[in-house]
Amino acid sequence: MKKFLTVTIFSGLFTLLKMLSGFVIGKVIAIYTGPSGIAMIGQLQSIISIMSGVVNAPVGNGVVRYTAENHEKGYFQCTPWWRASIKLSLILYIVIACVSIILSNYISLYFFSSTEYSWLIILACSALPLSVANTLLASILNGQQNYRQYIISGMVSVVISTTILIFMTVAYSLKGALISVSLNTAIAGIVLVIYCRRKEWFSLSSFSGVVTKAYTKGILNYSFMSFVSALSLPIALLVARKLMIAETGWENAGQWQAVWKISEAYLAIMTIALSTYFMPRLSAINESMEIRKEVNNLSLVIVPFTAVIAFGIYIFRDLSISLLFTKDFYEARNLFLYQLIGDVVKIASFVYAYPMLAQGRIKTFITSEILFSLSFIFLVHVFLNIWGIQGANIAYMINYSIYFCFTFIFTNFINPRLNSGKIFG
């Protein structure tokens with residue numbers, strides 16, 4: 001627990017920088033594009049999340065796990081896993097590139113109500129190889145538990161990408177902001193390549209060579225989980241935002257997106273700490289009972305901490321809106337309550353969901369991700385008709401409340417029985 005708190009402090013500093021960056025960027029974008037611009041950027045970010053999530057699936061949690069398990073034996077014990085992950089990412093990139101280029105007009109028309117943004121889809125796709133490099137190198141540093149290096153490189157990336165985005169938005173308004181968002185992960189990839197270039201393990205031989213079936217299968221199992229995770233939430237958000245736009249208009253969707261961005265910013269403190277510390281930690285534990293103990297202990301720290309921050313944001317929501325956005329976003333103050341309650345429950349459910357990732361419970365994880373993404377879309381559709389844009393926040397809160405019940409029961413009761421052989425699945 002002490003190590004987690006240390007990692008949380010370091011990741012908190014990183015997240016504080018990201019929050020400040022996000023706030024400055026949000027303010028600039030709000031001034032130059034307004035609520036409709038915020039909504040459009042939200043749509044583009046979801047599209048990019050889907051594309052990058054798919055190609056990054058093999059170089060994410062699987063690389064973290066197998067690097068964490070083997071790095072103490074020497075980095076050469078990890079290289080077969082790295083090569084397998086790169087091979088799978090390359091295959092997925094070819095597929096995504098072909099689909100994105102062929103369907104760019106359709107994607108732009110469906111999500112932006114115009115074909116004029118099809119070039120953005122192609123631009124974002126062209127930056128994906130550097131996004132893969134960013135995720136791969138970050139996963140290696142994370143798996144090696146080089147937390148300081150992982151966080152420092154991330155902080156440098158944030159400073160550079162923020163500077164570029166602000167310049168582009170001020171100079172070219174909405175078009176500049178959209179271009180910068182498309183290239184954001186590519187910038188982070190360049191920074192990490194430069195940062196890691198002198199590492200002993202950073203060489204062509206570490207990432208290229210013969211890949212055996214066993215290593216490919218190991219990475220593939222984690223890729224399925226990351227693949228589904230990368231698709232489910234961004235697609236759910238894209239469809240939900242599409243429903244909001246259709247039912248309430250771009251302006252209201254922009255008000256909702258503003259509240260969502262504030263949630264994203266402060267929840268990053270928790271999610272970065274969890275991904276940095278918790279995934280390698282749980283991957284190194286073999287016993288489900290020990291994992292249950294670790295998760296329950298952590299939840300007693302992170303859930304109250306999240307609740308305190310959420311309460312503070314609710315109390316100072318008017319100040320937050322005036323500082324981060326413009327007077328055009330004043331109506332967003334009415335959308336905070338259910339969103340913030342949902343945030344607290346979301347973090348609690350994430351904590352209890354990590355054993356599925358760490359122990360490779362593929363069927364359970366994939367099924368739950370798909371079902372709860374679909375239920376979110378369904379609840380948004382139903383509640384928008386009842387409560388307007390507020391219905392989206394109520395849907396978010398209810399959906400994660402149900403998800404928390406599922407993950408809590410799984411980690412505390414089902415998962416220990418899986419290891420004992422009393423349950424199969």
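How do the residues lining the second largest pocket divide into nonpolar, polar and charged, and what are the counts? The lining holds 12 nonpolar residues, one polar and no charged. Ala, Val, Leu, Ile, Met, Phe, Trp, Tyr, Cys and Pro count as nonpolar, Asp, Glu, Lys and Arg as charged, and the others, Gly among them, as polar.

The model is predicted; local features need pLDDT of at least 70, side-chain atom pairs count only at pLDDT 80 or more, and totals for chains, interfaces and linings use all residues. Residues are numbered from 1 along each chain as its sequence is written, and side-chain values use heavy atoms, with hydrogens and water left out.

A pocket here is an open set of points on a 1 Å grid over the protein atoms alone, where a 1.4 Å probe fits, with protein on both sides within 12 Å along at least five of seven lines; lining residues have an atom within 4 Å of a point. Volume is the space filled by probe spheres set on the points, which are joined across faces, edges and corners. Of its 13 lining residues, I86, P129, V132, A133 and L136 lie nearest the centre. Helix α6 (128-143) gives the most to this lining, with five residues. Helices are DSSP runs (H or I, at least four residues), numbered from the N terminus.

The largest pocket has a volume of about 350 Å³. Its lining comprises 19 residues, with I50, M51, V99, I107 and F111 nearest the centre. By class, 18 are nonpolar, one is polar and none is charged.

Helix α3 gives the most, with four residues.

Three salt bridges are counted, each a side-chain nitrogen of Lys or Arg within 4 Å of a carboxyl oxygen of Asp or Glu. E69 pairs with R65 at 2.9 Å, and both lie in α2 (residues 61-70). K261 meets E264 at 3.0 Å; the two are three residues apart in α11 (residues 250-283). D318 meets R333 at 2.6 Å. D318 lies in α13 (residues 317-324) and R333 in the loop between α13 and α14 (336-358), so the pair ties together parts 15 residues apart in sequence.
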